[in-house]
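Here are my notes on the structure, as numbered points. Please read them with the model open beside you.

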Amino acid sequence: MPESTRDAAPQTGSLRVVVAGSFGNIMENYDNLVYAYSAVTLGKLFFPESSSLVGTLYTFAVFAVGFLMRPLGAITFGHFGDKFGRRITLVVSVLMMGAATTLIGVLPTYESIGITAPILLVVLRMVQGFSVAGEWAGSAAFLVEYAPARRRGFFGSFNQVSTAGGFLLASCVVALNSSIFTDEQLTSWAWRLPFLLSALTAIAALWLRFGLAETPAFSEEQAKGSTAKSPLREGLRTQFPSIARGFGFTMLWTVAYFFFLTYLPTWLTGVAGVDADVARTSNIVGLITLTVLIAVFGALSDRIGRKPLLLGSALGFLVLSWPVMALLGSGTTVGVYAGQLIIAVILAMFSGPGPAAISELFPTKLRYSTMSIGYNFAVMAFGGTAPFVATGVVELTGSGLSAALLPIVSAAVTLAVVLGMRESAHRVLH
């Protein structure tokens, strides 16, 4: 089949497209991880009448509440993204996201305003979840639709490079904050600084996005008068099997990110008894490795296809999750670093080709809304709940290794989904 003009020709301003299209993901994951890494401190400040463990559980429960808003955000932003365009929708999502995180940074604590403090924390997490729902799918669609045909995997991978970059930035900021300030200062006021930094990243993202044109693929749909009048209704009617595949495809992806990159630092120090400095530093080393390898695997998927890498990653998590947790739980410095690096490689194998592979499931006129639904419902169900469920499983079973059941089960589901998908790397973006 001959390629369309938009697929055959490279787009101009590639660097700015990649940076602007992916920058919001840095914010999204920075915001989520700063909250998760601050769970113990937030538990003390917003749930002070609870025990340390219960306070942490409450804090992770509030973390999960933000994800409950993702379906509503997916429907809302997906509708506007397919009806009016990717660029303006991404501007609105990043503005809301930055405002909510910044407000958490100035939020009075329980000591100041009582029960109103945790209520406001829940509300702001809900705003975060609502706005973030439009960011990931919009970013993936934006990057893939701008990419030349034979570089969709590479361009799309920067959706995940920025995702890992957000985790990395949060890890570095929280580690720096913890090293500079005393525990008393952190509890008193310094915990606010990482949240306030989100205002700067939001301003940078807005500046980048205001200067960009709409994607060539969506512009072509507009020029033909082919944009959907009711994207949600048409998407559910015509694309439901692909939405279901997108849901199953995302299950392992989201569990792996939020289990290994959000919950794991807490597990290492609280369950495995690893020194806090070793846990933080190994996490940063793993994130750096992940960030670099994502683009490598994204580019590789343009050559050999998406499926070989996706299948290899799913099999890796299925087989290696338990041994890797045992390696991490050994408590030795070598074991902790080795475990983090293994996770980074396996996760990069999925994250590199992932954005292009899921984008290629859907037609351009419905891509934003249908991809948003499949992806965000999975993130709601399995991402935000992963730290909370893992904490509960460990507490219930009394075994730290039992937490590995989460990535193992999710890997089995995603493996089955990927096996049933067609290879899309060398097909025309429809």
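1. Leaving out residues up to four places away in sequence, Thr163 touches Asn25, Asn29, Trp136 and Tyr257; contact here means heavy atoms within 4.5 Å. Thr163 belongs to helix H9, residues 152-180. Helices in this note are DSSP runs (H or I, at least four residues; strands are E, at least two), numbered from the N terminus. The relative accessibility of Thr163 is 4%, so Thr163 counts as buried. The classes are: buried under 20% relative accessible area, exposed over 50%, and partly exposed in between, with a 1.4 Å probe and protein chains only. A polar atom of the Thr163 side chain lies 2.8 Å from the backbone oxygen of Asn159.

2. A word on the source: this is a predicted model, in which local features need pLDDT of at least 70 and side-chain atom pairs count only at pLDDT 80 or more, while totals for chains, interfaces and linings use all residues. Residues are numbered from 1 along each chain as its sequence is written, and side-chain values use heavy atoms, with hydrogens and water left out.

3. Tyr257 is listed above as a contact of Thr163. With neighbours within four places in sequence set aside, the contacts of Tyr257 include Gln160, Ala164, Phe167, Leu290, Ile294 and Leu347. Tyr257 is also one of the residues that touch the most other members of the largest nonpolar core, together with Phe46, Phe249, Phe259, Leu290, Met325 and Leu328. That core has 113 residues. A nonpolar core is a set of buried Ala, Val, Leu, Ile, Met, Phe, Trp, Tyr and Cys residues joined through side-chain atoms within 4.5 Å. Helix H15 (residues 240-270) gives the most to this core, namely 15 residues. In soluble globular proteins, nonpolar side chains tend to be buried together.

4. How many salt bridges does a search of the whole structure find? The search finds 10. A salt bridge is a side-chain nitrogen of Lys or Arg within 4 Å of a carboxyl oxygen of Asp or Glu. One of them joins Glu135 and Arg209, with the closest N and O atoms 2.5 Å apart. This pair links distant parts of the chain, 74 residues apart: Glu135 is in helix H8 and Arg209 in helix H12 (residues 198-210). Both Glu135 and Arg209 are buried.

5. Two other salt bridges lie within a helix. Lys224 pairs with Glu221, the closest N and O atoms being 3.8 Å apart. These two are separated by about one helical turn, because they are three residues apart in helix H13 (residues 216-224). Lys224 counts as exposed at 51% relative accessibility, whereas Glu221 is buried at 8%. Asp277 pairs with Arg280 at 2.7 Å between the closest N and O atoms. They too are three residues apart, about one turn, in helix H16 (residues 276-304). Asp277 is partly exposed at 47%, and Arg280 is partly exposed at 30%. Elsewhere, salt bridges that share partners join Asp82, Arg86, Glu145 and Arg367 into one network.

6. Glu145 is found in helix H8, residues 116-146. Its side chain and that of Arg86 are joined by a polar contact of 2.7 Å. A polar contact is a pair of N or O atoms within 3.5 Å; within protein, one must be able to donate a hydrogen and the other to accept it, and residues adjacent in sequence count only if both atoms are side-chain atoms. Leaving aside neighbours within four places in sequence, Glu145 is also in contact with residues including Thr215, Phe218, Arg367 and Leu429.

7. Ala228 sits in the loop between H13 and helix H14 (231-238). Ala228 is buried, with a relative accessible area of 3%. Beyond residues up to four places away in sequence, Ala228 touches Lys83, Glu234, Lys365 and Leu366. Ala228 and Val278 are 50 residues apart in sequence and 52 Å apart in space, C-alpha to C-alpha.

8. Leu320 lies in helix H17, residues 307-329. Leu320 is partly exposed, with a relative accessible area of 34%. Apart from neighbours within four places in sequence, Leu320 is in contact with Ile342 and Ile346.
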